[in-house]
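Please read these points beside the sequence and the coordinates, and check each of them against the model as you go.

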Amino acid sequence: MRSQRPSGWYAVPAYGFFALFAVLPMLLVVYLSFTSWQGLGTPVPNGTANWSRLIADGEAHAAVGRTVLLMVVSWLFQTPIALLIGVWAAGQQRSRAVLSSIFFLPLLLSTAAIALLWQALLDPNFGIAAGGMQFLGDPDIAIYTVVFVISWQYIPFHTLMYQGAARAIPASLYEAATIDGASRVGKFLHITLPQLRYTLVTSSVLMLVGSLTTFDTVLILTGGGPGTATRILPLHMYITGFSGFEMGYASSIAVVLVVLGTALSVAVMRWSGFRAMSSQQEGS
Amino acid sequence: MRTLISTGLVAVAAVVSACGTAGPAEPGAGGVKVWALQDPVLNPIEQKSIDFFKSGGGNASLETFGNDPYKQKLRVAIGSPNAPDVFFNWGGGNLKEYVDAGKIADLTPVLDQNSALKSAFLPSVLDGAKIDGKYYGIPMRGMQPVLLFFNKEVFTAAGAQPPKTWDDLLALVDTFKAKGIQPISLAGSQAWTELMWIEYILDRIGGPEVFRNIRDGKGQGWKDPAVTEALTKLKELIDRGGFGTNFASVGYDVGGASTILAQGKAAMHLMGSWEYVNQLGQSPDFVKKGSLGWVAFPSIPGGKGDPGNVVGNASNYYSVTSGSSQVEAAKKFVSTALHEDSYVQALVEAGDVPAVVGVEEKLAKAANSEYTTWIYGQVKDAKNFQLSWDQDLPAEKATAMLTQLQEFFLGKVTPQQFVDAVAAR
């Protein structure tokens with residue numbers, strides 16, 4: 001019997017692009033991580049020198065620490081807000097459409113524009129908080145400012161995911177719960193949340209991997225500063241590679257990032273049972 | 001995903017460089033390819049020099065790029081089939097990396113054969129592109145020493161005089177703090193602005209030899225006691241509140257350190273000579289009413305360095321790539337078009353101070369002559385012109401040093417920790 005599914009050849013363009021623009025560069029980076037290369041001439045193999053340097057590099061370790069902090073705080077900050085706004089926006093209120101469109105606005109701006117906007121707003125001499133708290137200038141606060149700006153940009157996206165998923169929850173579940181006398185909070189906790197479980201997983205993976213590899217916002221907003229207070233791992237890689245022109249060493253940092261990112265998404269998928277995805281809706 | 005992109009960039013750089021070993025470029029239709037920085041003032045003048053070259057029967061074209069992308073693009077392109085034939089650079093250690101890789105044509109024979117060319121430029125500036133006794137670049141624009149700018153109105157209101165010595169400077173810090181004015185403006189989010197301070201202080205205390213030893217890996221290098229002494233002096237200034245408290249997130253772009261000075265929120269600003277043109281563009285009234293003042297960096301009594309020494313960028317240079325198929329035409333371009341009268345005149349009119357001998361007369365006749373004549377005299381009389389350290393050190397060492405310096409200004413590392421960290425690289 002002939003398969004109803006499209007032939008495997010349909011995937012060739014996708015695989016081709018993936019191989020050319022993801023797999024091949026990654027292999028090259030792995031090769032470069034075993035070389036010394038200043039960006040000029042030919043890379044010179046130097047064994048595991050980059051890797052032993054990475055193991056001993058306090059600055060790189062600190063950058064990993066900052067990256068993890070950024071990831072965790074971003075997730076903790078974005079998830080509840082996106083979830084609540086998303087569920088609210090899935091309702092039937094009259095103001096909903098207008099307000100939802102306004103909440104959606106940050107997503108329409110480019111990252112560079114957002115970073116420049118907040119940089120100007122938080123300018124220590126001419127910004128809204130001039131003379132007060134130093135959101136970008138205080139090494140202890142700057143990373144939280146970065147989290148806030150990233151969240152401001154991406155919460156609308158996650159809100160949209162939750163909104164779509166919450167819309168798909170059958171009304172009959174809520175009707176049954178109402179008949180059973182469940183409260184609003186009870187309905188949210190026992191129907192909405194469990195039904196949104198897989199959306200939560202998807203959104204979390206995107207958030208975690210996204211903040212692991214976030215780069216442009218931090219580069220423009222703080223450049224990793226003040227000092228090294230917001231120099232996260234991707235930025236550390238960039239500065240090593242494109243300011244210091246130590247391409248070999250930057251490549252080993254890149255390999256670490258690829259491995260961490262892949263491991264992270266695999267782990268979240270595993271632990272959350274995402275692979276065994278099943279519908280909990282009626283009729284299945 | 002963004003990391004993947006940057007990862008990809010590194011890889012693409014690898015591919016491009018690998019292709020580069022394949023062979024020299026085909027002779028381009030545009031003749032000599034000249035690469036320079038994007039600069040609304042300078043670009044038309046550069047175009048003029050190309051037109052001049054063309055009128056003499058040559059053929060050339062100009063391509064320009066933004067600052068940071070330029071450095072990256074140049075890195076990848078040099079040695080590839082897409083390499084420029086002539087490119088804009090800063091001389092010093094930065095250029096040395098390319099020279100060491102065998103990518104740059106030696107211009108010494110050109111200068112030796114043409115004594116009129118060699119004697120056209122100030123020797124101290126020409127030396128900025130001299131590496132291991134050979135010349136690899138020809139100065140193509142104005143000199144950019146670092147000097148101390150100040151707001152005359154703020155000084156008059158406080159009854160103060162611009163500082164002549166380090167102690168004057170410290171006293172001024174107290175004077176302005178008492179008046180609620182930030183004594184010194186600093187664009188601390190960009191490490192190169194902080195670098196200017198330690199460059200000058202070390203030169204005044206230990207003389208130019210200390211940094212030369214650091215650069216050449218001679219003597220005690222960073223462990224020279226003069227370095228620690230200089231850092232300690234600088235720390236005193238930082239801790240005293242010389243730079244205020246919020247410099248860490250101030251930039252040098254619009255609305256940054258220059259604006260604070262122009263608005264009288266700060267009294268002084270140590271910056272390269274381009275600050276004048278910058279202020280003229282951003283706060284024209286401030287400059288036109290004569291409120292922008294300037295002096296040389298204060299002397300430090302008891303120090304070994306000559307108080308006339310300057311630091312900064314001696315000039316920018318055009319260098320010729322050795323792999324170019326147009327080497328001879330490129331050499332002809334750099335040896336004829338850059339000291340030629342109309343080019344120099346155009347630079348002067350743009351407020352630049354060309355590193356050309358005997359340009360005083362032109363400067364005196366042009367606008368802003370008070371300023372440009374002062375700059376010219378300052379550089380001409382200087383016993384030593386130290387190139388900015390971040391340009392004079394190899395990129396990896398410069399990057400590590402700038403990182404440590406920002407931590408130092410934030411008080412996160414002590415002078416000793418700074419020395420230990422940079423000496424370890």
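Leaving aside its neighbours within four places in sequence, which residues is B:Phe149 in contact with?

1. **Contacts of B:Phe149.** Two residues are taken to be in contact if their C-beta atoms, placed from the backbone, lie within 7 Å. Once neighbours within four places in sequence are set aside, B:Phe149 is in contact with B:Leu261, B:Met268, B:His269, B:Met271, B:Glu275, B:Leu292, B:Gly293 and B:Trp294.

2. **Basis of the note.** This is a predicted model, in which local features need pLDDT of at least 70 and side-chain atom pairs count only at pLDDT 80 or more, while totals for chains, interfaces and linings use all residues. Residues are numbered from 1 along each chain as its sequence is written, and chains are lettered from A and ligands numbered from 1 in the order in which they are written.

3. **Confidence.** The predictor gives the complex an ipTM of 0.84 and a pTM of 0.86. For chain B the mean pLDDT (the predictor's confidence in each residue, from 0 to 100) is 88, and 92% of the residues of chain B reach 70 or more. Over residues 1-28 of chain B, however, the pLDDT is below 50, although this stretch has 56 contacts in the model beyond near neighbours in sequence.

4. **Chain B as a whole.** The secondary structure of chain B comes to 22 helices and 13 strands, where helices (H or I, at least four residues) and strands (E, at least two) are DSSP runs numbered from the N terminus. The radius of gyration, taken over C-alpha atoms, is compared with a globule rule of 2.2 Å times the number of residues to the power 0.38; a compact globule of 425 residues would have a value near 22 Å, and chain B, with 22 Å, agrees. The C-alpha atoms of chain B fill a box of roughly 65 × 50 × 45 Å along the principal axes.

5. A residue counts as buried if 20 or more other C-beta atoms, placed from the backbone, lie within 10 Å of its own, as exposed if 12 or fewer do, and as partly exposed in between. By this count, buried residues make up 51% of the 425 residues in chain B. A nonpolar core is a set of buried Ala, Val, Leu, Ile, Met, Phe, Trp, Tyr and Cys residues joined through C-beta atoms within 7 Å. The largest has 176 residues, of which B:Val86, B:Phe149, B:Ile198, B:Leu202 and B:Ala230 touch the most other members.

6. **Helix H3 of chain B.** In helix H3 (residues 67-77) of chain B, the buried residues are B:Arg75, B:Val76 and B:Ala77. Just after H3(B), B:Gly79 takes a positive phi of about 90°.

7. **Chain A.** Chain A has twelve helices and two strands, and 33% of its 284 residues count as buried. The C-alpha atoms of chain A fill a box of roughly 75 × 70 × 30 Å, taken along the principal axes. In the loop between helix H3 (58-89) and helix H4 (96-104) of chain A lies A:Gly91, which is exposed, with 10 other C-beta atoms within 10 Å.

8. **The contact between the chains.** Chain A gives 46 residues to the contact and chain B gives 37 residues. On the side of chain A that touches chain B, helix H1 (12-32), helix H11 (233-242) and helix H12 (247-271) each supply at least two residues, and the largest share, seven residues, comes from H1(A).
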